[in-house]
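Dear colleague,

Please find below the structure that I am handing over to you. A short account of the findings follows it.

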Amino acid sequence: LWCGWAGLPVWNRWLPGLVLVLTLPWAAGEARRAWRQSAWWTNAALVWGVFALFLALRLVNPEIHWGEKPMDSALLHGILRSERFPPVDPWFAGSPLNYYFFGLLPHAFLARALGIAPTVAYNLIAATVPALTAGAAASLGWLLAGRRAGAVLAAVAAQLTGSAAALFRFRELLLDPSFAGFWSASRVIPNTINEFPVWTALFGDLHAHFLAFPGFLAAVWAASLVATRRLRGRRAAVLVGGVCGIQVMSNSWEVPGLAGVVLLASLALVAGATDRRLVTRARFLLGALAVATLVSLPWWLTVRPAAGGVRWTTGSQVQLAHLAELFGVAGALVLVAAGATLLARPRGGHPRWGWLLVAGGLAAVAAPELVTVGDRMN
């Protein structure tokens, strides 16, 4: 990012290969250490299992066609043939790309280091993103539940399940399946987009929101480490700020949600005297903001995001059936979890913080009916 912004062509030539070689000893040491941990084996099985599943789907349907796939492929090609940052605009020769493309950059970096053709890389990315999403969700689930079942359920819920479309659109999706039925499952509320992770992963559209799924969950996980006092001080600010800075560049629509999670984590950060709480929270928030700004500085200096804005929502067409289809699965899981929490004996984990995240999720579902950030469709 910084080399490309400074105009050093090494960022897209031999630098990826050099970084890969230099990090191999560290990666080997980490692998040997993780090899002895049962938690690592569980996460590895989830990640590689999901990767194999979606790679098989891409092998059956590898065409980069329909939807925004051609655009996403053009962005990937533009990154791989650019001499500096930001990459070239595929539609406007000689002009820099003014778009939040950072989600593709790490994948392009690895494809360059390994010499993988862009078209092959596209399909590998389409399988890698859901695998990383499952892994990040499993890490979060393990932290909240304190047990293997929480990790597995979190991975399945985050990437392999979604809406209750199969119940509401039984004929279109199961009895007489068609692309029209599949597409309608992502356009439930009129004049809006309602994609969910497994839908996007099946479609194979490498758009910004899809590429950002793993990073969003990683940011929630990092904030959860802070909220549960597993990580403190400067390391907490560096981790949370770094991941959030990357997410701002990957998918700027996430900013309101991530800001809410980080603020929630800061409220749960410390115990003790009131003045000490305020100082600790202020240090954490200011430190995280500084790190996020530093990480994303080249992006802010070159890319000009579209004008946003917040306004009251008017003319909403949401019905109870829409919400039941989109969030019925998640709602059922919340009810089951609530019953289990009341009946089960505590066995580690951080259920209180987990329920705060649930409350935040419910608020995110309700918020668009009150306020619109940017535009109603998104």
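**Findings**

With a relative accessibility of 12%, H207 is classed as buried; buried means under 20% relative accessible area, exposed means over 50%, and partly exposed lies in between (1.4 Å probe, protein chains only). The model is a predicted one, in which local features need pLDDT of at least 70 and side-chain atom pairs count only at pLDDT 80 or more, while totals for chains, interfaces and linings use all residues. Residues are numbered from 1 along each chain as its sequence is written, and side-chain values use heavy atoms, with hydrogens and water left out.

H207 sits in the loop between α11 (197–203) and α12 (208–211); helices (H or I, at least four residues) are DSSP runs numbered from the N terminus. Neighbours within four places in sequence aside, H207 has contacts (heavy atoms within 4.5 Å) with E68, M71, D72 and Y99.

Turning to the cysteines, C244 is buried at 12% relative accessibility, whereas C3 is partly exposed at 27%. Zero disulfides (pairs of cysteine sulfur atoms within 2.5 Å) were found in a search of the whole structure.

Which helix holds L57? L57 belongs to α3 and is partly exposed, with a relative accessible area of 32%.

Yours sincerely

Methods: Helix = DSSP H or I, 4+ residues; strand = E, 2+ residues; numbered from the N terminus.
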